[in-house]
Amino acid sequence: MAGLDGREQPRGDGRATVSRWSPTVEDEHALKALELFGNPTEAEVPLPSRPESAATARRLAQVVVLREWGLTAKTAEDAVLLVSELVGNAVRHTGARVFGLRMRHRRGWIRIEVRDPSRGLPCLMPVQEMDVSGRGLFLVDKLADRWGVDLLPRGKTTWFEIRVTDR
């Protein structure tokens, strides 16, 4: 059976695929990311500007929102998606070698920030139903309660906030 990349894929009953992913494994990867890169609630975490850093940022967001802050799975899902979009923009559009990730929680709100050295402003573009790219800020605009960009002397911080119910 040929896979998406045209190479032959092993046949099986599906059990191997199911056993590879589990919340426990994801937690383990997230905790390892915290150990390797630091906690974005304590200080800005510098990440290399490479596509694989989106996975690291997603893991950090997930473990912080669920374990450290004790918020809902829905909040974690939205935060993970939106941080991935901001990181994708920083990696694709800024030419930076490193970007920073910071997460904050105050009563009733979470805020996630991605800082990069570019002063180029992100642009919210109109999106058509069949578009396959350019949806990042559209998703941020739809799912976040607030978002924006703060220009810095050297670069910018793009951020979003989500209203939460603290437990």
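Lys-32 and Glu-35 lie three residues apart in helix α2 and are therefore separated by about one helical turn. These two residues form a salt bridge in which the closest N and O atoms are 3.6 Å apart; a salt bridge is here a side-chain nitrogen of Lys or Arg within 4 Å of a carboxyl oxygen of Asp or Glu. Lys-32 counts as partly exposed, at 44% relative accessibility, whereas Glu-35 is exposed, with a relative accessible area of 61%. Buried denotes under 20% relative accessible area, exposed over 50%, and partly exposed the range in between, for a 1.4 Å probe and protein chains only.

The model is predicted, so that local features need pLDDT of at least 70 and side-chain atom pairs count only at pLDDT 80 or more, while totals for chains, interfaces and linings use all residues. Residues are numbered from 1 along each chain as its sequence is written, and side-chain values use heavy atoms, with hydrogens and water left out.

The secondary structure of the protein chain comprises five helices and five strands, which follow one another along the sequence as α-α-β-α-α-β-β-α-β-β. Helices (H or I, at least four residues) and strands (E, at least two) are DSSP runs, numbered from the N terminus. Of the 167 residues of the protein chain, 41% count as buried. Among contacts in the protein chain with a separation of 6 or more, 63% are between residues 24 or more positions apart; a contact requires heavy atoms within 4.5 Å.

The five strands form an open sheet with antiparallel pairing, in the order β1-β2-β3-β5-β4. Strands β1 and β4 (146-152) are the edge strands, each pairing on one side only. From one strand to the next, the twist averages 20°. Two strands are taken to pair if DSSP finds at least two bridges between them. In general, the strands of a sheet pair through backbone hydrogen bonds, either parallel or antiparallel.

Strand β3 is joined to antiparallel β2 by seven bridges and to antiparallel β5 by eight. Seven of the eight residues of β3 are buried, so that this strand is mostly covered.

The structure holds 11 salt bridges. One of them joins the side chains of Arg-104 and Glu-113, at 3.3 Å from N to O. Arg-104 is partly exposed, with a relative accessible area of 40%, whereas Glu-113 is buried, at 11%. A further salt bridge pairs Glu-161 with Arg-106, the closest N and O atoms being 3.5 Å apart. This pair links distant parts of the chain, since Glu-161 belongs to strand β5 and Arg-106 to strand β2, 55 residues apart. Glu-161 is buried, with a relative accessible area of 4%, and Arg-106 is partly exposed, at 42%. Through salt bridges that share partners, Arg-104, Arg-106, Arg-111, Glu-113, Arg-146, Asp-150 and Glu-161 are joined into one network.

The largest nonpolar core contains 34 residues, of which Val-65, Val-87, Leu-101, Ile-110 and Phe-160 touch the most other members. Such a core is a set of buried Ala, Val, Leu, Ile, Met, Phe, Trp, Tyr and Cys residues joined through side-chain atoms within 4.5 Å. Two or more residues each are given to this core by α2 (23-37), β1 (45-48), α3 (53-68), α4 (73-93), β2 (98-106), β3 (109-116), α5 (136-143) and β5 (155-163). Helix α4 gives the most, with nine residues. Leaving aside residues up to four places away in sequence, Val-65 touches Gly-70, Leu-71, Thr-72, Thr-75, Ala-76, Ala-79, Met-103 and Ile-110.

Helix α3 lies across β1, β2 and β3 and runs at about 15° to β2. The axes of α4 and α5 come within 9 Å and cross at roughly 145°. Axes are lines fitted to C-alpha atoms, for helices over the stretch in contact, and angles run from 0 to 180 degrees between N-to-C directions. At the meeting of these two helices, Asp-78, Leu-81, Leu-82, Glu-85, Leu-86 and Asn-89 in α4 contact Gly-136, Leu-137, Leu-139, Val-140 and Leu-143 in α5.
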